[in-house]
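Hello,

Here is the structure I promised to pass on to you. Please open it next to this email, and my notes on what turned up in it follow below.

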Amino acid sequence: MESGLLTRYAEITEKNRREIVLLRGSGCKWRRCAFCDYHLDFSLDEQENFALNQEVLQLVTGKYGRLEVINSGSFVDLDAQTFQRIVDTCIQNQITEIHFECHWMHRGAVSDLRRTLAARGIHANIKIGVETFDAQFREQVLLKGIDETDPESIAAGFDEVCLLFGLDGQTQDSMRYDIETGLRCFNRVCINIMVENTARLKPSRPVIECFINTLYPLYKEDPRVDILLENTDFGVG
Ligand code: SF4
């Protein structure tokens with residue numbers, strides 16, 4: 001993935017309206033998920049990351065009072081200058097709600113982040129990629145790295161969940177269970193449909209068609225559910 005080609009700023013104008021930025025960090029520290037290649041968008045050069053990130057953050061206007069920050073990893077992978085610039089951007093633009101991503105392995109860092117942001121008048125919403133609540137499939141096939149099987153325990157430190165649909169082995173029932181479990185345990189659910197990339201796992205057309213024909217119509221208007229049929233549907237990536 002060539003980071004210069006990515007679109008790194010967008011507005012989400014439907015449901016939970018917000019601006020979204022795709023920043024660059026030092027890279028996902030897990031990097032093993034069998035469906036993922038976007039962890040390739042990283043650099044170990046903090047100054048270069050900050051230079052890029054501040055350009056992107058300059059585009060933020062605060063028009064919705066809400067900002068989502070993603071960085072192909074977890075918020076802990078962002079350098080300190082970038083983090084400070086995010087906070088400053090929120091304060092300057094009257095943004096009081098922010099969304100960050102975090103892998104399970106960094107859950108211990110979430111409460112500090114919440115406290116730091118709350119002290120500046122910013123409420124943090126933390127999103128975790130769980131992909132499915134079928135723990136065996138998740139850990140043996142997807143290699144997600146969540147050593148907890150109970151959905152409520154997984155959700156305890158998080159606000160929002162990402163699910164991944166469109167893989168061999170998933171069914172209408174399994175996907176419905178994942179959505180309903182996500183809605184029960186989290187404030188919001190973001191469904192990503194698997195797209196072809198350089199990772200080992202490939203999309204399953206029959207499973208994707210099953211989702212689109214049966215579950216998509218049921219949930220597409222749900223204000224708590226985002227559905228990304230292409231992983232660039234938020235306008236970044
Ligand atoms: S899906 Fe997320 S946690 Fe998994 S390897 Fe990719 S960036 Fe890392």
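Strands β1 and β2 (residues 18–22) run antiparallel and are joined by four bridges. Two strands are said to pair if DSSP finds at least two bridges between them. Helices (H or I, at least four residues) and strands (E, at least two) are DSSP runs, numbered from the N terminus. Before going further, please keep in mind that this is a predicted model: local features need pLDDT of at least 70, side-chain atom pairs count only at pLDDT 80 or more, and totals for chains, interfaces and linings use all residues. Residues are numbered from 1 along each chain as its sequence is written.

Back to that hairpin. Glu11 has Glu19 in β2 as its bridge partner. Five residues sit between the two strands, and Lys15 takes a positive phi near 50 degrees there. Asn16 lies in the loop between β1 and β2, and its phi is positive as well, near 45 degrees, although Asn16 is not a glycine. Most residues other than glycine have a negative phi. Asn16 counts as partly exposed, because it has 17 C-beta neighbours inside 10 Å. On this scale a residue is buried if 20 or more other C-beta atoms lie within 10 Å of its own, exposed if 12 or fewer, and partly exposed in between, with C-beta atoms placed from the backbone.

Now the sheet as a whole. Eight strands form an open sheet in the order β1-β2-β3-β4-β5-β6-β7-β8, with mixed pairing. β1 (9–12) and β8 (225–228) stand at the edges with a single partner strand each, so one side of each has no neighbour in the sheet. On average, neighbouring strands of this sheet are turned by 20 degrees against each other, direction ignored. Axes here are lines fitted to C-alpha atoms, for helices over the stretch in contact, and angles run from 0 to 180 degrees between N-to-C directions.

Strand β4 (residues 97–101) pairs with strand β5 (residues 123–131) in the parallel sense over five bridges, and His99 has Asn125 in β5 as its bridge partner. Helix α3 (residues 110–118) lies across β4 and β5, at about 155 degrees to β5. β5 and β6 are also parallel, over four bridges, with Ile128 opposite Val161 in β6. Six bridges join β6 to β7, again parallel, and there Leu164 has Asn192 in β7 as its bridge partner.

Two residues of β5 deserve a click. Asn125 is found in strand β5 and is partly exposed, with 19 other C-beta atoms within 10 Å. Asn125 touches Glu97, Ile98, His99, Asp159 and Glu160, not counting residues up to four places away in sequence; a contact means that the two C-beta atoms, placed from the backbone, lie within 7 Å. Glu131 also lies in strand β5; Glu131 is buried, with 24 other C-beta atoms within 10 Å, and has a positive phi near 75 degrees.

Arg188 is in strand β7 (residues 188–193) and counts as buried, with 20 C-beta neighbours inside 10 Å. Beyond four places in sequence, Arg188 touches Asn16, Glu160 and Arg224. Its C-alpha atom is separated by 7.9 Å from that of Asp226, 38 residues apart along the chain.

The largest nonpolar core has 51 residues, and those with the most contacts inside it are Val21, Val69, Leu163, Phe165 and Val189. Such a core is a set of buried Ala, Val, Leu, Ile, Met, Phe, Trp, Tyr and Cys residues joined through C-beta atoms within 7 Å. Leaving aside neighbours within four places in sequence, Phe165 is in contact with Gln170, Met175, Ile191, Ile193, Met194, Val207 and Phe211.

Finally, the ligand. Among the residues around the ligand are Cys28, Trp30, Cys33, Cys36, His39 and His103, where near means a C-beta atom, placed from the backbone, within 6 Å. Cys36 is found in the loop between β2 and α1 (46–57) and counts as buried, with 23 C-beta neighbours inside 10 Å.

Enjoy exploring, and write back with any questions.

Best wishes
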